[in-house]
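I opened this model to look up two things.

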Amino acid sequence: MKKSYLIGIMATVAILSIYLLGQHHGRSDEGLAITKEAHAADVTKASPVKAIQERDMYYPGTEDLAPDEMRVTACGTGMPNARPKQAAACWLVELGNGDKFLFDIGTGSAERISALQIPYNYLNKVFIGHLHSDHFGDLDALYCGGIVANRVVPLEVWGPNSTEPKYGTKAAMDAFEKMLAWDIDTRMGNTDTRGAFLKVTEFDYAAVNKVIYQKNGVTIRTIPAIHIFDGPVSFILEWNGLKFAYSSDTFPNKWWLKHTKNVDISIHECFVSPESLVEKQGFTPQAALNVGTQIHTSPAQFGKVMAETKPRLAVAYHFFNDFDTAPAVLRDVRMTYDGPLALATDYMVFNITKDEIKVRMAAVEEAVWPQPSTIPLVPPDPKLQRVALSQKMIEGRVVHRDVLEDVYKHINEKFGSNEMVP
Ligand SMILES: [Zn+2]
Ligand SMILES: [Zn+2]
């Protein structure tokens, strides 16, 4: 097995060398002739002056959703430490009826969300599976960034309680708002702050398949998840005959097995293999086995879960999906499951209808701006308490009035406003 693999690599290297050698010396030997022929055949498929008709990518903001279609976008598929390639857990569900829901909003995911170029008014519903930072660490970025980007509706957050109030979502959100006092108060009276409010719904983590959201034909239920301590949940969204299940973090459990059978898309954690934790992150074997198989679901366990629930598509996430880690994950999943499977990475996009599930990658532009608000902005509310600089700080200001007058004049002329330098 290993030997034939090696021979394959050597043959590829040899062919490539012949090709490169030919290129370099302008020679036409047999190897080069074959390569040239193959190249010519490719060129005739698409004219260099005409657009390719079918592009196998998702370009954000360019596709209508059909009325019966669900689009799921991976905005975070990695591990607790966000990295350039993968943010921590975050999934966006968009429905043909116009509704959008975020499930978890882990560290680094706000950047992925921004790449999708969705006006922030529509990104106002977040469902948090549990209160590990890799599942809600970017809530502040969405909350405050949304205000700056003209989200003029409150941010609504749903999350579980726990065995004590201090471990529940409500307590976390109370503390979160306190933490953001300076941020929020400095915006009051300076901009449209109708979106500077949190609306929190805490629900019973232990309830089984209980409805926590129902509106506009969408039903969201939760089941308990098993992950270190009481509190975590998994979500099941149902709309228009389509079912989306998202585990957040969980060890395989009986509720998932019972309530996610045959769902259309089953997104379940599949932790990086214990051997990768030892080899890449320096875990001891004991810690790797504990974290990778007891606190989380290992790839082979993930496969077991999917073999039993038989979704239309199984999606494995919560691992660093790289050239040198994915083979072990896939090998272990395939020991126990041979059905439809996607190994998720950030910007993977799933379009789901009753007839088809299309999996593509999004092509994103890094230099995007937030989309303008879809609701007309209003001037800052004069009734709002505006925080003011102290006399000491005011006296420290250096005002270049001549420069500012030029700026004001330029803006007034260009946009027809009539503002005066204060
Ligand atoms: Zn967790
Ligand atoms: Zn996690």
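I traced the open sheet first: 9 strands in the order β1-β16-β15-β2-β3-β4-β5-β6-β7, with mixed pairing. Strands here are DSSP runs (E, at least two residues), as helices are (H or I, at least four), and both are numbered from the N terminus. Two strands pair if DSSP finds at least two bridges between them. β1 (57-58) and β7 (198-203) are the edge strands with a single partner each, so one side of each has no neighbour in the sheet.

For the record, this is a predicted model, in which local features need pLDDT of at least 70 and side-chain atom pairs count only at pLDDT 80 or more, while totals for chains, interfaces and linings use all residues. Residues are numbered from 1 along each chain as its sequence is written, chains are lettered from A and ligands numbered from 1 in the order written, and side-chain values use heavy atoms, without hydrogens and water.

Next I looked at the β7 end. Strand β6 (residues 155-160) runs parallel to β7 and is joined to it by 6 bridges. Leu155 stands opposite Leu198 in β7. Helix α5 (residues 139-148) packs on the sheet and touches β4 (100-105), β5 (125-127), β6 and β7; contact means heavy atoms within 4.5 Å. The direction of α5 makes about 160° with that of β6. Axes are lines fitted to C-alpha atoms, for helices over the stretch in contact, and angles run from 0 to 180 degrees between N-to-C directions. Helix α6 (residues 169-179) also packs on the sheet, touching β6 and β7, at about 160° to the direction of β7.

Which residues hold the zinc ion (ligand 1)? I found His130 (NE2), His132 (ND1), His227 (NE2) and Asp249 (OD) as protein donors, 2.1 to 2.3 Å from the ion. Donors are N, O and S atoms within 2.8 Å of the metal (3.2 Å for Na, K and Ca); water is not among the atoms, so sites may look incomplete. His227 counts as buried at 4% relative accessibility, and Asp249 at 1%. Buried means under 20% relative accessible area, with a 1.4 Å probe and protein chains only.

For the zinc ion (ligand 2) I noted Asp134 (OD), His135 (NE2), Asp249 (OD) and His318 (NE2), lying 2.1 to 2.3 Å from it. Asp134 is buried at 5%, and His135 is buried at 0%. Asp249 coordinates both zinc ions, which are 3.4 Å apart.

Conventions
Buried means under 20% relative accessible area, exposed over 50%, partly exposed in between (1.4 Å probe, protein chains only).
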